Amino acid sequence: MCLGIPGQIVAITDASRDMAMAEISGVRREVNVSCIAEGPLDGLVGAWALIHVGFAMARIDEEEAAATLEALRGLGEAQETLDAMEEGARALAEARP
Amino acid sequence: MRYVEEFRDPMAARALLAAISRVTDDIGATADHPVRIMEICGGHTHAIFRYGLDRLTPPGLEFIHGPGCPVCVLPMSRVDECVELAERPEVVFTTFGDAMRVPGTKKSLMQAKAEGADIRMVYSPLDALELARRHPDREVVFFGLGFETTTPSTALSIRQAAREGLSNFSVFANHITVPPPIKALLDDPHMVLDGFVGPGHVSMVIGTRPYEFIARDYGKPIVVAGFEPLDLLQSVLMVLEMIRDGKAEVQNQYGRVVPQDGNPVSLAAIEDVYEPRPSFEWRGLGEIDASGLSIRERYRAFDAEAKFGIGYGAGPRHVEEPEGCACGLVMTGRIKPTACPQFGKGCTPEMPLGALMVSSEGACAAYWQYGGARAMEAAE
Ligand code: SF4
């Protein structure tokens with residue numbers, strides 16, 4: 001929750017809500033990009049960012065992304081984040097108990 | 001030095017460790033009179049244990065684990081209120097998974113879920129927003145938890161809900177801020193700290209200026225650090241060098257991610273949605289002035305405290321810590337987790353008594369997780 005995970009913006013999905021598709025360690029997840037937007041959102045496609053709980057918070061370069069991901073993997077935090085994303089997807093699908 | 005081989009660049013790690021030893025000697029610190037550096041962020045605590053940095057560094061250097069794990073500093077009363085909210089029949093209670101196992105006075109959210117409350121673990125407040133869109137007949141409450149790294153996410157989600165006119169979405173805001181507890185620790189005459197390693201990702205949002213009081217008013221150095229083991233070693237070295245040179249500054253080792261002024265969009269969103277509470281209760285530290293955030297009047301419709309009459313909105317509620325639990329002493333770095341009478345007995349990751357045992361960022365969980373491996377090594 002406190003550590004962001006690097007992801008690459010692959011497409012803008014809903015410009016009116018600042019939403020984009022990011023690829024995070026092989027998993028695709030929609031994220032909010034308002035904190036890193038400067039100018040038209042299309043300019044973000046291909047960019048790397050640190051993503052915190054679904055929000056891209058800082059642009060980073062590819063090398064920094066790789067190093068951060070390795071550090072997170074070493075801590076087991078990368079897997080924890082991917083599990084949380086899966087859990088989130090499940091929560092949405094869950095029917096009313 | 002078996003851990004060093006795991007570093008991305010063992011050569012660089014060795015050089016940094018040698019320099020750390022040298023400067024620690026220059027300072028004249030020894031195991032009996034160590035130089036004490038607090039890492040504020042729970043992620044750093046985890047990394048220190050994972051890579052055994054506390055053992056690779058000389059005995060004259062002591063790491064004090066700070067209150068930087070937001071789950072760990074959550075008082076029991078807040079967990080009780082989460083359970084109360086979650087057990088309301090109309091509510092879908094959404095939370096980060098980290099909070100699920102934190103014990104309340106009667107039960108944790110995990111136990112409440114097992115008993116039938118509609119509690120869902122989500123990755124992001126965006127998931128909670130989506131649930132609110134899909135279930136207009138239910139009240140979706142998001143448990144807003146965390147330091148400045150997660151605060152922008154709930155602020156922006158509340159603004160999005162307002163734009164869409166979603167009337168069934170609210171946030172139970174328990175966001176906290178990093179600088180006030182540091183001030184509280186510095187004001188505590190029992191705490192003797194020589195310097196700080198500052199949080200990287202929090203600082204990405206707030207920048208480095210909010211730490212200036214540490215250097216200016218208290219004469220202590222602080223270095224904002226990244227998460228790689230090499231980042232941490234380098235930052236520790238930078239703190240030690242300032243101590244040796246009698247300097248107190250705010251330095252930024254993580255400049256590749258942390259801008260001096262933080263992230264302007266995040267800061268503006270926080271400012272728009274939140275205001276400081278007069279005070280907020282921290283587990284182990286008590287009430288700290290202006291250390292928590294509440295939702296501003298203009299977004300009152302999205303404030304679960306106002307909507308359900310709970311939390312600080314309904315007046316203070318203090319719950320005593322369980323018997324024999326030393327969370328407060330551990331949290332403030334006064335004792336090591338293993339000195340808690342409950343450690344490994346009444347309190348394990350499976351049956352936690354305190355929150356420090358729950359999160360991987362908590363000092364007790366770190367000692368537990370990596371302590372076993374260490375005991376084996378010692379026996380070798
Ligand atoms: S061992 Fe358990 S009870 Fe003791 S300080 Fe750690 S979390 Fe608290």
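In which loop of chain B is the place of Ala290(B)? Ala290(B) sits in the loop between β12 (286-289) and β13 (293-295) of chain B. Helices (H or I, at least four residues) and strands (E, at least two) are DSSP runs here, numbered from the N terminus.

Before going further, a word on the model and its conventions. This is a predicted model, in which local features need pLDDT of at least 70 and side-chain atom pairs count only at pLDDT 80 or more, while totals for chains, interfaces and linings use all residues. Residues are numbered from 1 along each chain as its sequence is written, chains are lettered from A and ligands numbered from 1 in the order in which they are written, and side-chain values use heavy atoms, with hydrogens and water left out.

Most residues other than glycine have a negative phi. Ala290(B) is not a glycine, yet its phi is positive, at about 50 degrees. With a relative accessibility of 39%, Ala290(B) counts as partly exposed; buried means under 20% relative accessible area, exposed over 50%, and partly exposed in between (1.4 Å probe, protein chains only).

Chain A has an example too: Asp18(A), also not a glycine, has a positive phi of about 60 degrees. Asp18(A) belongs to the loop between β1 (5-14) and β2 (19-24) of chain A, and its 23% relative accessibility makes it partly exposed.

Helix α2 (residues 42-50) of chain B is mostly covered, with nine of its nine residues buried. Among them are His44(B), His46(B), Phe49(B) and Arg50(B). Arg50(B) also lies over the face of Tyr51(B), 4.8 Å from the ring centre. A charge sits over a ring if NZ of Lys or CZ of Arg is within 6 Å of the ring centre and within 35 degrees of the ring normal.

## Aromatic pairs

How many aromatic pairs does the structure hold over all chains? There are eight. Rings of Phe, Tyr and Trp (its six-membered ring) pair if their centres lie within 6.5 Å; planes under 30 degrees apart count as stacked, over 60 as edge-to-face and the rest as tilted.

One of these pairs is stacked: Phe143(B) and Phe172(B) are 6.0 Å apart centre to centre, with 25 degrees between the planes. Phe143(B) lies in strand β5 (residues 139-146) of chain B and Phe172(B) in strand β6 (residues 169-175) of chain B, so this pair ties together parts that are 29 residues apart in sequence. Both Phe143(B) and Phe172(B) are buried.

Phe227(B) and Tyr254(B) form an edge-to-face pair, because their ring centres are 6.4 Å apart and their planes stand at 75 degrees. Phe227(B) is in the loop between β8 (222-224) and α11 (229-244) of chain B, and Tyr254(B) is in the loop between β9 (250-252) and α12 (264-273) of chain B, so the pair ties together parts that are 27 residues apart in sequence. Phe227(B) and Tyr254(B) are both buried.

Ring pairs also link Phe93(B), Phe143(B) and Phe172(B) into a cluster.

## Around the ligand

Which residues surround the ligand? They include Cys325(B), Cys327(B), Cys340(B), Cys347(B) and Cys364(B), along with Val330(B), Phe343(B), Leu356(B) and Met357(B). A residue is near a molecule if one of its heavy atoms lies within 4 Å of it. By class, this shell has ten nonpolar, one polar and no charged residues. Ala, Val, Leu, Ile, Met, Phe, Trp, Tyr, Cys and Pro count as nonpolar, Asp, Glu, Lys and Arg as charged, and the others, Gly among them, as polar.

| Pair | Apart in sequence | C-alpha to C-alpha |
|---|---|---|
| Thr150(B) and His201(B) | 51 residues | 9.8 Å |
| Ala47(A) and Met19(A) | 28 residues | 14 Å |
| Leu74(B) and Ala355(B) | 281 residues | 7.7 Å |
| Ser170(B) and Cys82(B) | 88 residues | 13 Å |

Thr150(B) is in the loop between β5 and α7 (151-164) of chain B and counts as buried at 1% relative accessibility. Leu74(B), in the loop between β2 (61-65) and α4 (76-86) of chain B, is buried at 4%. Ser170(B) has its place in strand β6 of chain B, and its 0% relative accessibility makes it buried. In chain A, Ala47(A) lies in the loop between β3 (27-32) and β4 (48-52) and is buried at 8%.
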